[in-house]
Amino acid sequence: MQNKVAEQKKVIAFLGGGAMAGAMIHGLLQAGLPIDCLRVAEPGESQRQTLMRQYGIVAVAANPEALQGADVVILAVKPGVVARVLDEISPLLGPEVLVISIAAGITLSALASRLPSGQPLVRVMPNTPALVGAGISALLPAPETTAEKRLLAREIMMAVGLVEEIDNEALMDGITALSGSGPAYVYLMAEALSDGGVACGLPRPLADRLAQRTLLGSAKLMEESGLHPGVLKNQVTSPGGTTIAGLEPLERNGVRGALMAAVMAAWRRSKELSGS
Ligand SMILES: NC(=O)c1ccc[n+]([C@@H]2O[C@H](COP(=O)([O-])OP(=O)(O)OC[C@H]3O[C@@H](n4cnc5c(N)ncnc54)[C@H](OP(=O)(O)O)[C@@H]3O)[C@@H](O)[C@H]2O)c1
């Protein structure tokens with residue numbers, strides 16, 4: 001599948017070549033971006049070798065080297081390193097270079113304060129299912145970023161999943177709490193469902209596969225049918241049957257409330273960390 005980034009042959013430089021950068025590089029290559037349009041700066045020698053071996057792309061040690069000729073720079077370092085990297089690259093950026101930050105909790109104003117005035121800039125919150133092309137990313141452009149650059153950021157993130165564009169940074173903490181942290185809640189549910197199966201006498205490997213596929217299939221059905229989860233739940237709940245018997249202890253033990261509280265606790269923590 002060719003997307004517009006591939007057609008336009010934009011040159012993309014990743015600063016930081018860890019898990020998220022690897023996922024995005026994989027997605028962009030799958031989307032048809034030529035290998036010579038991608039480069040990555042990564043200080044770790046063995047990680048550089050891995051990236052070159054896995055994807056055949058140019059991997060260098062120094063950030064300024066990766067920037068040469070780049071149309072887009074993707075900040076894929078840990079949040080604590082972002083300020084240092086921006087100070088290093090800021091004097092080297094042309095005015096047309098789009099900067100995309102995927103660093104959790106670093107606000108647009110914190111990013112912009114270390115960049116030349118008016119630099120095209122987009123803040124993105126991805127999630128780990130991006131590693132298998134099934135992520136969802138929230139995208140927040142800086143106000144002065146043109147429609148063309150916003151579209152470019154969207155096309156890049158679409159290489160690893162769906163994209164939701166927002167225009168209110170206050171939503172970022174809630175997004176971090178729901179889709180950023182959310183995969184961990186789902187894994188916890190998968191583990192617990194499998195434990196339930198084992199308690200019923202199922203062998204662990206079978207219980208693991210059943211739990212995993214039940215979550216995956218249910219999510220797919222929800223997405224493809226477009227039906228509300230409440231409607232889909234009612235469809236599998238026959239009067240006096242097994243499913244309603246199983247739902248009763250979930251409600252009695254407050255699973256809905258616990259999931260809401262999980263998202264809200266992560267939201268409060270994200271606000272603390274981002275200072276918002
Ligand atoms: N993974 C997620 O679920 C997720 C979700 C949403 C957002 N994010 C954001 O994505 C960003 C990257 O996360 P990640 O999971 O990919 O982290 P990661 O695997 O630790 O990757 C970061 C990479 O940056 C390298 N690095 C360190 N200092 C550098 C420098 N000065 N210049 C260039 N590269 C440098 C690190 O190398 P060394 O290991 O050698 O130090 C490491 O390979 C983070 O800001 C995170 O907040 C991640």
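1. The largest nonpolar core of this predicted model takes in 58 residues, and those with the most contacts inside it are L15, V73, I74, L75 and I100. Helix α2, residues 19-30, supplies the largest share of this core, namely six residues.

2. As for the chain as a whole, the protein chain holds 13 helices and eight strands, and its C-alpha trace spans about 70 × 40 × 30 Å along the principal axes. Of its 276 residues, 33% are buried. When contacts in the protein chain between residues at least 6 apart in sequence are considered, 67% of them join residues at least 24 apart.

3. The strands to look at next form an open sheet of eight, with mixed pairing and the order β3-β2-β1-β4-β5-β6-β7-β8. Its edge strands are β3 (58-60) and β8 (161-165), each of which pairs on one side only. From one strand to the next, the twist averages 25 degrees.

4. Strand β2, residues 38-41, pairs with β3 in the parallel sense over three bridges, and here R39 stands opposite V58 of β3. Helix α2 packs on the sheet, where it touches β1 (12-15), β2 and β4 (72-75), and the direction of α2 makes about 170 degrees with that of β2. The pairing of β1 with β2 is likewise in the parallel sense, over four bridges, with I12 standing opposite L38 of β2.

5. Is strand β2 covered on both faces or on one? In a regular strand, side chains alternate between the two faces of the sheet. For β2, L38 and V40 lie on one side and R39 and A41 on the other, and since these residues are all buried, both faces are covered.

6. The loop between α2 and β2 contains A31, which deserves a separate remark. A31 counts as buried because 20 other C-beta atoms lie within 10 Å, and 20 or more is what the criterion for a buried residue asks for. Although A31 and V5 are 26 residues apart along the chain, their C-alpha atoms are separated by 8.4 Å.

7. Helix α8, residues 172-180, is largely enclosed by the rest of the structure, because seven of its nine residues are buried. The buried residues of α8 are M172, D173, I175, T176, A177, S179 and G180. Among the elements that cover them are the strands β6 (121-125) and β7 (135-141), together with the helices α9 (182-199) and α13 (255-274).

8. Which residues come nearest to the ligand? Of the 27 residues around the ligand, these are G16, G18, M20, G44 and A104. By class, the shell around the ligand consists of 16 nonpolar, nine polar and two charged residues.

Conventions
Residues numbered from 1 in each chain as written. Predicted model: local features only at pLDDT ≥ 70, side-chain atom pairs only at ≥ 80, totals over all residues. Core = buried A, V, L, I, M, F, W, Y, C linked by C-beta atoms within 7 Å. Buried ≥ 20, exposed ≤ 12 C-beta atoms within 10 Å, placed from the backbone. Helix = DSSP H or I, 4+ residues; strand = E, 2+ residues; numbered from the N terminus. Contact = placed C-beta atoms within 7 Å. Pairing = 2+ DSSP bridges. Axes fitted to C-alpha atoms, helices over the stretch in contact; angles between N-to-C directions. Near = placed C-beta within 6 Å. Nonpolar A, V, L, I, M, F, W, Y, C, P; charged D, E, K, R; others polar.
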